[in-house]
Amino acid sequence: MSTLSLPSLLKMIEKAISWLKYLSLRRVLNVLALVVSYYIARLMKKNLHLGLPFHVSMEPTTACNLGCPECPSGLKKFSRPTGRMDINQHERWLKELSKTVFYITYYFQGEPFLNPQLLDMIKAAKRYRMYTATSTNAHFIDQNNAEKIVESGLDQLIISVDGVSQEVYEQYRVHGTINKVWIATAALVEAKKKLKSKTPQLIFQCLAVKPNEHEISSVFEKAKELGVDEVRIKSAQLYDYQFGNPLMPDNEHYSRYKKNRKGTYELKHPGGNHCWRMWSGSVVTWDGKVVPCCFDKDAMHSMGELSIESFGTIWHSDNYKAFRKNILSNRQGIDICQNCSEGSNVWL
């Protein structure tokens with residue numbers, strides 16, 4: 001496992017404390033079973049999996065209003081159909097998952113707020129005592145719906161801010177308007193004050209790429225000016241990186257990749273033959289396919305379909321077991337794992 005910095009450790013502790021109100025005895029015992037079985041499986045190199053996930057990502061929609069160059073949703077290059085999750089199916093799936101799941105992310109691909117029933121989904125999850133989060137480009141948030149978002153009970157809202165000037169922002173967030181992001185953020189901050197709510201926690205997330213790396217410090221300044229709770233700088237996953245990429249930052253600190261002795265680029269922190277996410281969480285697409293993680297953007301590794309089987313049956317299926325076994329023996333042999341440096345440690 002990689003070494004945790006003190007700030008990262010403190011954030012983990014803070015997040016764990018915020019989860020306490022969502023825990024039950026069953027959920028706690030389930031997490032313990034997951035952790036124990038994960039470390040035994042990792043040590044013995046044998047597929048041992050006890051329990052069910054405590055975190056699930058659900059995809060409200062695959063549709064998106066932007067055209068980001070490294071996003072299959074923005075580029076409209078999915079092989080799977082575009083659609084949005086049905087509220088009635090969501091309720092059925094949520095009821096089953098809620099026995100162990102206490103953290104749900106309403107985001108996979110697409111812009112979540114393009115599903116008009118997103119807030120109803122969040123309210124449903126809150127009825128099952130779940131911590132809820134989502135990520136947005138904020139183009140569909142204004143003074144008219146900011147209060148409704150706060151009232152929904154959403155715990156965390158990540159807002160993509162990839163630059164502070166329109167000229168820089170639109171180089172990655174193609175078709176986007178940065179002023180809409182500022183208006184949305186101000187409306188949410190004001191709504192929280194008006195309703196005397198500490199949630200949702202507002203996070204500016206900056207995807208560090210070459211066109212915006214010189215504005216990263218300004219993102220922190222803008223967050224402070226608007227009253228945003230936190231700023232996160234995220235390294236960009238680039239599909240074509242071996243010989244460099246126009247989006248790769250000059251500052252290697254912001255990059256997911258490094259130049260090797262051969263003069264080509266490779267992952268800074270390639271994952272070993274283990275992945276905590278294969279034990280702790282899963283992803284449900286808008287139409288009910290269960291996929292192993294968020295790197296399977298096109299749902300090429302579907303473990304099953306919730307319209308046919310229960311989640312528990314899928315989670316413990318031979319298909320899922322074989323996938324975890326491959327993770328433990330040859331993770332880099334799996335296509336979606338070859339560009340991944342995440343999931344090796346026990347935290348979200």
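Where does valine 36 lie? Valine 36 sits in helix H2, residues 25–44. Helices here are DSSP runs of H or I with at least four residues, strands are E runs of at least two, and both are numbered from the N terminus.

A word on the model. This is a predicted model, where local features need pLDDT of at least 70, side-chain atom pairs count only at pLDDT 80 or more, and totals for chains, interfaces and linings use all residues. Residues are numbered from 1 along each chain as its sequence is written, and side-chain values use heavy atoms, leaving out hydrogens and water.

Let's stay with H2. The 20 residues of H2 should span 28 Å at 1.5 Å a residue, and its end C-alpha atoms are 28 Å apart, which agrees. That expected span is 1.5 Å times one less than the number of residues.

Which residues of H2 are buried? They are Arg27, Asn30, Leu34, Ser37, Tyr38, Ala41 and Arg42. Buried means under 20% relative accessible area, exposed means over 50%, and partly exposed is in between, with a 1.4 Å probe and protein chains only.

What do the buried residues pack against? Helix H10 (277–280) and helix H12 (318–330). The face turned away carries the exposed residues Leu25 and Leu43. Valine 36 is partly exposed, at 47% relative accessibility. Just after H2, lysine 45 has a positive phi of about 60°.

Serine 98, between helix H4 (87–97) and strand S2 (103–105), touches Arg27, Tyr128 and Met130, leaving aside residues up to four places away in sequence. Touching means heavy atoms within 4.5 Å. Serine 98 is buried, at 11%.

Now salt bridges: a side-chain nitrogen of Lys or Arg within 4 Å of a carboxyl oxygen of Asp or Glu. The count is 10. Take arginine 127 and glutamate 91, 3.8 Å from N to O. Arginine 127 is in helix H5 (residues 118–127) and glutamate 91 in helix H4, so the pair ties together parts 36 residues apart in sequence. Arginine 127 is exposed, at 59%.

Next, lysine 192 and aspartate 229, with closest N and O atoms 3.2 Å apart. Lysine 192 is in helix H8, and aspartate 229 is in the loop between helix H9 (216–226) and strand S6 (230–235). Lysine 192 is buried, at 10%, whereas aspartate 229 is partly exposed, at 44%.
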